[in-house]
Each structure stands twice: as structure tokens, then as C-alpha cells.
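Please keep the sequence and the 3D view at hand while reading.

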Amino acid sequence: MSLKNMNEFDCVWIDVNLATINEHDYGIIEDAAIAIKDGKIAWLGAKKDLPPFDALATPLYQGRGGWITPGLIDCHTHLVYGGDRAKEFEMRLEGATYQEIAAAGGGIVSTVKATRLADEETLYVSAKNRLNALLREGVTTVEIKSGYGLDVATELKMLRIARLLAEHHPVDIKTTFLGAHALPPEFKDNADGYIDLVCGEMIEQVVAEGLADAVDAFCESVGFSLAQTKRVFDAAKKHQLPVKLHAEQMSNLGGSALAASYNAMSVDHIEYLDEAGVKAISESGTVAVVLPGAFYFLRETKQPPFDLLRKYKVPMAIATDANPGSSPICSLQLMLNMACTLFRMTPYEALAGVTLNAAKALGIDDKVGTLAIGKQADLVLWEINHPAQLSYQFGVNPCKQVIKAGKVVG
Ligand code: DI6
Ligand code: FE
């Protein structure tokens, strides 16, 4: 064979099994190979069908019978924040009441205070450590929300740090403006006044600096009302930003149906979502993001409506919700396990939930989330015997190699 007829690949993995992931199953190809060109998947299939290429000039990686999946995607995190809430955790376990914790300066407001006070380097380094933890477990794309600043300067500071991480870290980052996360102390008893700020100067500056890929809000009895959420969505729409929503976490306010009417990319938490809400998001093509870490950490008992989500064929994604208050967890592998043990999702649903459906929740499923020719070569090589092992076992990290756009990064 002359060199002319040979395929040009930048690198090739052989002796691997592939879980390519699709809407129905793992999409398994055993005894496979996968070839990369210009950061994209150029070929994949059974190894015996691997087309000829210049084996002397092309780096060849031995998978040793391991499995390659798409890079994992954590589609809901609050990775940038100051301080921590370990003391509050301890007080609660020693019997302190919510009021006592609040009086001692605890709760979400304490994270807002710490985030406002923190300098940029401190915030950057702590977020980078969390991002590294995710990368070590095979995560190649992460969404990061603002929402612990709650004033113009600090919301911008959080989003700028997320953008800086994107520049200097191999993991891809999508940013979300969550100004409507909680009511800052300066606006006590004036939630509408705060929403004026969010929908005015705050979002305008976020947009002017190009700092957000989407807009989110916390629609809840302890968060913002349906009417206030609608104002945030209208502001997002005015600035041509897609929306998503923390909805139906502790009660059913109808947030998901509202989000559906704005073609939201995702509704997240959704423990209290009812059939009308499920129907609404199924019609709008909105992804249901479930957050087993927050469910676990808050010792919730009401589960998201999985039977209805399956009945209406709503794509289900899983994320860490990594944050200091309700899910101080930076392990997407643990979320795979909890999605199965706590939520009774199947290991296939769990894996699709951190790949294909997480990509849909971020609107990037044309680029990542599955293994297919033309997709960005975000891959993970795992030392496992079957993809179900990724949700079955926890504590031994089977991640052997992380490949981002064709480059080995971990
Ligand atoms: N839902 C939650 O569970 C967290 N935020 C949200 O919108 C709580 C965040 C915190 O307590 O810091
Ligand atoms: Fe959250």
C-alpha cells in the first residue's frame, strides 16, 4: 500500500472497547479502535476494520482491554465560591437549630460574605482544585454558575474567574449567570428591588463583558417567586441568552412549566415536579437534571418523578451541584453511584446522564457527549470490565487516561 492511500490520523487507540452512548443503550463496540484527527474523532469501529494508516508516524495507544467512553460532563455546579460551611455542618450535627446557625452567620449568606471578601487568586485556586478533582475522574466539560456574589462587582468577579479557568485549564467551561440565587442582606424585604438590579445593571454588565453562556434562577419558596423568575427570563431573552432553572426542589411552584415556556435548556433538582410539569418540559425538549448529591446531603426523601420522566421520554442528566451548602461534593463518579442507589436509575441511564444528556442540558450535544465521527475527541479510558462498573463501584478511581480534543490531559 502506498502512503498516498493511507489515512492520516494524529493518534489511534487500539485494544479498547467503546461505549459510544446513544438514546437507547451504551452503544457498545468490543475489540475496537478509535482514531483522532485535528482534535476530532476521525474513525471508530471494530479493530479488524481499522483502515490503513502510517503506523510508524502515528502515536498508537494501547487500551489493554479497557473501555473508552465520551468525556464526562458536569452540567450543574457552583464551583467558584469563598470559604466553606464545615463549621455550620458541625453545629447542625451538634443540635443547633436553623435560627441559631443563621444567627451565627451561617447559611448561604455566609458564603456570599466569604465570596465578596475573597481575593481573585484565592477564589481561582480553590475552584481550580475542585476542577482538578473532577478532571481526575474523567470530567472534560463543566458548567459553573455565579450566585454567591449577589452584587454587581462580585457576580462579575465570579464569572471572570470561571472564564479565566476556561483559559488555563484543559476542561471546557460553560458559565451561567445566577444573580437570582438568593436575596442579599442589603435587599432584605425587597426581593423585587433586587430583581430590578439583576435584570438591569447586573445582567447588562455580564452581557457587555460576554461572561455568561446562560441565565439561571432559584425559583422556590425560600428563593424567588414565579413572577420574579419570569422577569429574569425576560431579561435573559432580551439579551439572547438561553435559560435554565433551579425548580421544584422543595415545593412545586410551577417553575418547570414556566421554564418550558421559555424553551429552557434544563430544569434542575425537580423533586416536586408533577405530571403537568413533566409534560411541559417534554414538549419543550428541556432536559431534567437530577442532583443526587443535594438529595443525599439534605437527607431529602421525595424523589424526582422518574416514572413520569421515562413515560414522557424526557432526557435525564445527572450533575454534582457542587456547592458549599447543599452538595459539598466534587465527584461525578459518586453521583453515578448515587443516581443508581438512591434514585434507582439504571447504570445506562446514569452514564447517559453524564454524557449525552448532560451535553443536551448545555446545548453542546452537536459537539460532545457521544463517540461518533466528527465529534470533538473528548474521551476517557477506564480500567473496567463493563460500563456498569462506573456506577456500581465507588472509591477506586478506574480513570486511566483523559483525552481532551485529542490530547492526553490526565
Ligand atoms: N439550591 C441548593 O440546593 C443550593 N442552591 C440552590 O439554588 C444551596 C446553596 C447553598 O446553600 O449555598
Ligand atoms: Fe445548584
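Across the boundary, 25 residues of domain 1 are in contact with 23 residues of domain 2, where contact means heavy atoms within 4.5 Å.

This is a predicted model, in which local features need pLDDT of at least 70 and side-chain atom pairs count only at pLDDT 80 or more, whereas totals for chains, interfaces and linings use all residues; side-chain values use heavy atoms, with hydrogens and water left out. Residues are numbered from 1 along each chain as its sequence is written, and chains are lettered from A and ligands numbered from 1 in the order in which they are written.

**The iron site**

The iron ion (ligand 2) is coordinated by H76 (NE2), H78 (NE2), H246 (NE2) and D321 (OD) at 2.1 to 2.2 Å. Donors here are N, O and S atoms within 2.8 Å of the metal (3.2 Å for Na, K and Ca), and water is not among the atoms, so sites may look incomplete. The four donor atoms subtend angles of 82 to 165° around the iron ion (ligand 2), and the arrangement is therefore irregular. By definition, four donors count as tetrahedral if all angles lie between 85 and 135 degrees; four count as square planar and six as octahedral if opposite donors are over 155 degrees apart and all others between 65 and 115; anything else is irregular.

Along the sequence, the donor residues of the iron ion (ligand 2) follow the spacing H-x1-H-x167-H-x74-D. H78, in the loop between β5 (72-74) and α1 (86-93), and H246, in strand β9 (residues 244-247), lie 168 residues apart, and the pair links distant parts of the chain. Helices (H or I, at least four residues) and strands (E, at least two) are DSSP runs, numbered from the N terminus.

Burial is listed below for three residues; buried means under 20% relative accessible area, exposed over 50% and partly exposed in between (1.4 Å probe, protein chains only).

| Residue | Relative accessible area | Class |
|---|---|---|
| H78 | 2% | buried |
| H246 | 3% | buried |
| Q389 | 18% | buried |

Q389 is found in helix α15 (residues 389-392).

**Nonpolar cores**

A nonpolar core is a set of buried Ala, Val, Leu, Ile, Met, Phe, Trp, Tyr and Cys residues joined through side-chain atoms within 4.5 Å. The largest has 99 residues, of which L165, F177 and L309 touch the most other members. Helix α6 (residues 191-208) gives the most to this core, with eight residues, and at least three residues come from each of domain 1 and domain 2. Leaving aside neighbours within four places in sequence, L309 is in contact with I270, V278, I281, A288, V314 and M316. A second, separate core of 15 residues includes L18, I41, L371 and I403.

**Strands**

In strand β11 (residues 287-290), V287 and V289 point one way and A288 and V290 the other way, and all are buried. Strand β10 (residues 266-269) pairs with β11 in the parallel sense over three bridges; strands pair if DSSP finds at least two bridges between them. S266 stands opposite V287 in β11.

Elsewhere, seven strands form an open sheet of mixed pairing, in the order β3-β2-β1-β4-β13-β14-β15. Its edge strands, β3 (40-46) and β15 (407-408), each pair on one side only.

Note on methods. Domains from an automatic or database assignment.
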